[in-house]
Amino acid sequence: MRVSGSGPGSMRLRLLLALAALWLSDANEPGTAMTTRDINQQTRESISDYTVKGHDLSTPGSHLSTQDFNQQIEENISNLTSAMYSISIDGFSSAPVEENVTLYSPANITLLCNLTRTSTDSATVEVTWKKDNERVESRNVTINEIKNVWSTQYTLKIRDRNQMGNYTCVFKSDQEVQATFHLQVPQIEGKEHHIVSYVGDSVVLVCKSLKYIPINWIWYMSNGSDQVAVNDSLMPDKYIVDEKYANITKLKILNISEKDDTSYWCQAVFKLGESKGKVSLKVLTYMTPLKPFLAIAAEVIILVAIVFLYEMYSKKKQMHAEDEKEFEQIEQLKSEDNNGVENSTTRHRKV
Amino acid sequence: MADPARREPPDGGWGWMVVLAGFLQSALVFGVIRSFGVFFMEFVGYFGELAGRVSWVTSIGIAVLQLGGPVSSALSSQYGARPVVMAGGFLSGLGMILASFATSLTHLYLSIGVVSGLGWALVFTPSVASVAQYFAKRRTFATGLAVSGAGLASFAFSPLFQLLVDTYAWRGALLVVAGISFNLVAAGALLRPLEPEGKATSGGLPAFSSLCRPRLACHRPFLLFAVAFVLVDAGYYVPYVHLVPHARELGFDEYRAAFLLSSAAVADLCGRVAGGWLADRFAVRLVHSLTLWTALTGLSMLLLPLGQSYSLLMGLCICYGFCAGALVPLQFSGMAEIVGTGRITEGIGLMQMMESAGSLVGAPLSGWLRDMTGDYTASFTVAGAFLLAGSLLLFALPNYFSCSMDSTIEEKTMGDP
């Protein structure tokens, strides 16, 4: 049997981890309930070992069935990551805290809740865990109290999608307080704004999942309230899905018509579930930008006309003014002439 | 009753309308060119091409704008400024209409690069020349006002173009921008000729022959000055093309990235006014201030990749914009100092043509560097190095280290055969 000898050692390791988590959460500022996260990959191998032995320890007396044995050998070989997520709650009066835990692939995780309370609170605290609002009884839960800090730890082996969901730790004495871990697959961001394109043109819709590589991508199109899968092998002239890189998917839509003005969903398939991102397409006709263009072109023609008309008007005025000046000059010369003639006639008369 | 053969420049009156026309023209030519970075991202996404190849679109446009300078000044002395500018305005809008139907990058090179570029060339030189003709005593101030249009326009146009792209996609946005460019025709209509139109035909032949015999090309100080600005131009336009994509790559969204460009543009505007004012205020030689501003521009461009946070990047952009703006009025007045006021038009035309080599190389080179290295750090560093090299070349000008405002250079130029 494998339990001998290393049993107390593994117990010490669990205690060490719990203390380490407590120390880390103490090191943060008190005052508000906060969350901390501690990913611990260095102890990966030893924790896999620990899991094997821990399983044995928590179910004393049972034999390891061959199925269990094989599964655990597989885990040992595949080097699953382990991680610890913790939330610290400061007193019974704080609001419920939530933390999002993103899981990409099967892993062993430990959820830790710490409650710090004042010494005036009553002594007994009932600690329970809930999964999706249903109470959970599990052998993988430990509860500790050290110096007014109640902590509880829930160790989980996440292997398939049924284990994803919301896990809540509840501390209850005369008041109740809780904290929730949302276990979810990596979220895909779509695009907030629409992508605009024209009738007859083609467009490329892009979804990215840069940090986590999905197993597969599936595109859906909204048809009323339903979502219909986009089949690019059935309609190769219309849809082309580009999967050059595993973490980026591009849906190219050719020969766009107004029916394509709808929302598209890119779904990334992971081992533990799927998640969708939304991309909206808006289809315009060439008439739409033509209207402001024609308005501006009309404004330009009007301005040019105004400038030329004003110029012709001011030239006319100038010529008119020059004509008047000439006229005055001629008049002046004429009147001088007349005076001269009159003088000569008067002279004549005098004689 | 005959009109005098040569009128005195009005120095006011209708001249201010010509300044307004010049303002609108630099706004609609350079403002549009500078805000084209918004379309750059759209072209990269739509055509799936590399940054280097897309950069050629604006580079060809700027190169044609500069290469066309001598052609445009010859045409405008033949036919008058007004018809040439109006035709240029129509061409620049036409190029963008053609571009909105583009199905490949080559179409964009031809429509925006060649057609719009030619339109811009036909607009720019005659409008600056018209402002110079209408003013004598207040010529620098009027020119400064006229070229400040570029700064104000790029401040407004970057977010406007982004809005147009979000609403109409790049095709519709180009169509609307074409309409906006057609206002160049209206601005051209304001360029009332000073002399009666029929007079110009006698001046036709000499205009074209001076195009074929540029004697300035043998003039050593001119060559040094022009080559220095070829180097400057290789780096000068890089931020206008690559700043928005660089900011987008750092993770800032479209409007914040466009706003960075707007801030650089405002700083450029202030720099143009301040540079001219400072140059007149302090008794520093023009070439010395020019070297200083060019070196500072190069330095701020070298430091640009260090800006990782938004506020630091914004600060560096403002610094770059201010220094880049300050060197513009000094470049043209520096030319006057080198070749003399009699040959300044010829000098500017020829320098523009030579500068086109620099700007043709600049943006595609930095785009290529980005494709090779993965980000824009190398691009900005090389661009800054070009600017610094240009400023160093200015040291080779004759009589650089003498302290007085040198009129001996002018005497030398007039003595040339």
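Chain B and chain A bury about 2000 Å² between them, 69% of it on carbon and sulfur atoms; buried area is the accessible area (1.4 Å probe) that two parts lose on being put together, summed over both. B:Tyr168, B:Leu175 and B:Arg192 supply 23% of the area that chain B buries against chain A, more than any other three residues. This is a predicted model, in which local features need pLDDT of at least 70 and side-chain atom pairs count only at pLDDT 80 or more, while totals for chains, interfaces and linings use all residues. Residues are numbered from 1 along each chain as its sequence is written, chains are lettered from A and ligands numbered from 1 in the order in which they are written, and side-chain values use heavy atoms, with hydrogens and water left out.

**Interface between chains B and A**

- In chain B, 26 residues are in contact with 22 residues of chain A, contact being heavy atoms within 4.5 Å.
- Between the two chains the count is 3 salt bridges, a salt bridge being a side-chain nitrogen of Lys or Arg within 4 Å of a carboxyl oxygen of Asp or Glu.
- One salt bridge pairs the side chains of A:Asp201 and B:Arg171, with an N to O distance of 2.9 Å.
- Another salt bridge, 3.5 Å from N to O, pairs B:Arg192 with A:Glu311.
- B:Arg192 lies in the loop between helix H9 (183-189) and helix H10 (204-212) of chain B, and A:Glu311 lies in helix H4 of chain A, so the pair joins two chains. Helices (H or I, at least four residues) and strands (E, at least two) are DSSP runs, numbered from the N terminus.

**Salt bridges around A:Glu311 and elsewhere**

- Over all chains, the whole structure has 14 salt bridges.
- A:Glu311 also meets A:Lys315 in a salt bridge of 3.9 Å, N to O.
- Both A:Glu311 and A:Lys315 belong to helix H4 (residues 287-350) of chain A, 4 residues apart, about one turn of the helix.
- An α-helix has 3.6 residues a turn, so residues three or four places apart point the same way.
- A:Glu311 is buried at a relative accessible area of 8%, whereas A:Lys315 is partly exposed at 49%. Buried means under 20% relative accessible area, exposed over 50%, and partly exposed in between (1.4 Å probe, protein chains only).
- A network of salt bridges links A:Glu311, A:Lys315, B:Arg82 and B:Arg192.
- In chain B, a salt bridge joins B:Arg370 to B:Asp371, with the closest N and O atoms 3.8 Å apart.
- B:Arg370 counts as buried at 17% relative accessibility, and B:Asp371 is partly exposed at 25%.

**Chain A: annotated segment and strands**

- UniProt, in an unreviewed entry, places a "transmembrane region" at residues 292-310 of chain A. UniProt positions are given in the numbering used here, feature names are shortened, and annotations may be inferred rather than shown by experiment.
- In the model, residues 292-310 of chain A are 100% helix and 0% strand, and the end C-alpha atoms lie 27 Å apart.
- An open sheet of 3 strands in chain A has the order E12-E16-E15, with antiparallel pairing. Two strands pair if DSSP finds at least two bridges between them.
- Strand E12 (203-208) and strand E15 (239-242) of chain A stand at the edges with a single partner strand each, so one side of each is left without a neighbour in the sheet.
- E15(A) is joined by 4 bridges to strand E16 (residues 248-253) of chain A, and the two run antiparallel.
- A:Tyr239 has A:Ile253 as its bridge partner in E16(A).
- A:Val149 lies in strand E8 (residues 149-158) of chain A and is buried, with a relative accessible area of 13%.
- The C-alpha atoms of A:Val149 and A:Ile89 are separated by 9.7 Å, the two being 60 residues apart along the chain.

**Chain B: packing of helices H2 and H3**

- The buried residues of helix H2 (residues 37-47) of chain B are B:Gly37, B:Val38, B:Phe39, B:Phe40, B:Phe43 and B:Phe47.
- These buried residues of H2(B) pack against helix H1 (15-34), H3, helix H6 (105-134), helix H8 (149-181) and helix H12 (238-250) of chain B.
- B:Gly48 follows H2(B) and has a positive phi, near 65°.
- B:Ser55 lies in helix H3 (residues 51-67) of chain B and is buried, with a relative accessible area of 0%.
- Leaving aside neighbours within four places in sequence, B:Ser55 is in contact with B:Phe40, B:His242, B:Ala363, B:Pro364 and B:Gly367.
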